Amino acid sequence: MTPEMLAEHVLTAAQAAFAAQGLDASALPSATTVERPRQPEHGDYASTLCLQLAKKVGRPPRALAESIAAELAKVDGISAVDIAGPGFLNIRLAAAATGQIAGSVVAAGTAYGSSDAFTGQKLNLEFVSANPTGPVHIGGVRWAAVGDALGRILKFAGAEVTTEYYFNDAGTQIDHFSASLVAAAKGEPTPENGYKGEYIAELAATIVEAHPDALAKDDPREFFRVEGITLMFAEVKKSLADFGTHFDVYFNERDLHVKGELDRALERLREQGNIYEKDGATWLRSSDYGDDKDRVIVRSNGSWTYFAADCAYYLDKRERGFDKVVIMLGADHHGYIGRMKAMVSCFGDDPSQTLEILIGQMVNLLRDGEPVKLSKRAGTIISIDDVVDAIGVDASRYALARYSSDSTIDLDLDLWARKSNDNPVFYVQYAHSRINQILVSAAELGIEFGDTYDAALLVHPREGDLLKALGEFPAVVTTAAELREPHRVARYLEDLAGAYHRFYDACRVLPRGDEEFTETGRARLWLMDATRVVLANGLRLLGVSAPERM
């Protein structure tokens, strides 16, 4: 019996108790949950439903608990229900009921942990979105890991998700990039505010090799801009793909201008009564909706502002049918939140419903206890390729997704490169590999799983801990999706791996020597296979491999 199944039994028991006592059934929730008590002596699972309902129906919570407990006691697989404190329901399951979790996991396979919790939600998830002026830096690498994992988790929880990368190929930074390429091609020093690093010289040399007359063009800076952006963005996309991060949509800001979407956004805002003219410029009344000041949409010289593109881009996403726009931004973008929410309100939308901005904090890399600050190739930044070269794709993705994105990370490259249990990703992957090797050994011994197993035989405390951990996975995924916190999946996997290793140390599975293979061993093989399934499913949600051998 999984926690979800038990929660349904609790709700059904409450419905029966309400009917028997003539209580208002409309006070009952559509769904409830159960949790594992911190102290094992309090039972296998606990419910606070009675505490939630007591005031609504005017009954003491313990009295409600007594009537619901009486109904729960009738459920096959529930061995005892105790009432604790003001009205907690502490529930104990029969060994067979707990042991059935393994069979449920194996039967569900790669779908175990998925749900329809977010079915019907159409989300646009934008992350990384770095301009093509250089390799993806460490902050963008964090979003490449966290954003991709979040997209996978949301889809697993039933949402329809489109991942998107937004970039522009115009503006001041692009001008500096182009000027840097021209200077490198001429063998001149990097201009003021220009980009440094070997990649600039490499790009410039590649352009000149393909176009020997590049510096003789009528407008060399424009030519190097176009060619440089094309080459740089191709490299960015390849680095992200090698990292395991693929986007459904790559959106170029230039398209907003070409297709007239800025004009259309301006007209929509004007229709809402939120546009006015002042000092020759066109302004948005964003301060009426919580912004710290009104924002210029069109400058007095007739040029569009960056914020105008933000407005048009949001409208474009909404017109593509997305219910909510989710944007992941770096730590230096806190000031962006207020103006974006105000802009959404200016369009007539409710920002609490259609916009979500997630802010990620910095990543500091350490080697030998000292900060790693510079990349030889990328100049003043650490790039995605630098991190992967140092610790590999799996460790990079897992390490960056393992922590809450609103906390700064000090990433010890020495730790994450180790092949030892103090490296969290190795610890989890080793559990999966260890299980796979035992299953292979069982097959070599001619041991077959069979179509079923005796769930009542899984009575060892370490077996119980592992079964309960397996049962928690669906709730972990749903919570990670709801709170936008992929790190919950990573921390869960470490707990699960720990529960498995303790089980393995305490419970023998395969026979030794001339021993006969027992039905207890068969039940344990099912338990191990279920653990393998969940480890693989969780690692897949993080975009990390589940190796069969290490």
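Modeller: Keep in mind that this is a predicted model. Strand β7 and strand β8 (residues 281–284) run antiparallel and are joined by four bridges.

Colleague: Which residue in β8 is the bridge partner of Ile275?

Modeller: Ile275 is bridged to Leu284 of β8.

Colleague: How many strands are in the sheet, and in what order?

Modeller: Three, in the order β7-β8-β9, with antiparallel pairing, and the sheet is open. β7 (275–278) and β9 (295–298) are the edge strands; each has a single partner, so one side of each has no neighbour in the sheet. On average, neighbouring strands are turned by 45 degrees against each other, ignoring direction.

Colleague: Which helix lies across β8 and β9?

Modeller: Helix α11, residues 306–319. Its direction is at about 80 degrees to β9.

Colleague: Switching to α6. What span should its 15 residues have, and does the model agree or disagree?

Modeller: Helix α6 covers residues 172–186, and at 1.5 Å a residue it should span 21 Å. The end C-alpha atoms are 21 Å apart, so the two agree.

Colleague: Which residues of α6 are buried?

Modeller: Ile174, Phe177, Leu181 and Val182 are among them, and so is the run Ser178, Ala179 and Ser180, along with Ala183.

Colleague: And what do the buried residues pack against?

Modeller: Two other helices, α7 (198–210) and α8 (220–242).

Colleague: What about the backbone just after α6?

Modeller: Gly187 comes there, with a positive phi of about 80 degrees.

Technical notes: Residues numbered from 1 in each chain as written. Predicted model: local features only at pLDDT ≥ 70, side-chain atom pairs only at ≥ 80, totals over all residues. Heavy atoms only, no water. Pairing = 2+ DSSP bridges. Axes fitted to C-alpha atoms, helices over the stretch in contact; angles between N-to-C directions. Contact = heavy atoms within 4.5 Å. Expected span 1.5 Å × (residues − 1). Buried < 20%, exposed > 50% of the residue type's maximum accessible area, 1.4 Å probe, protein only.
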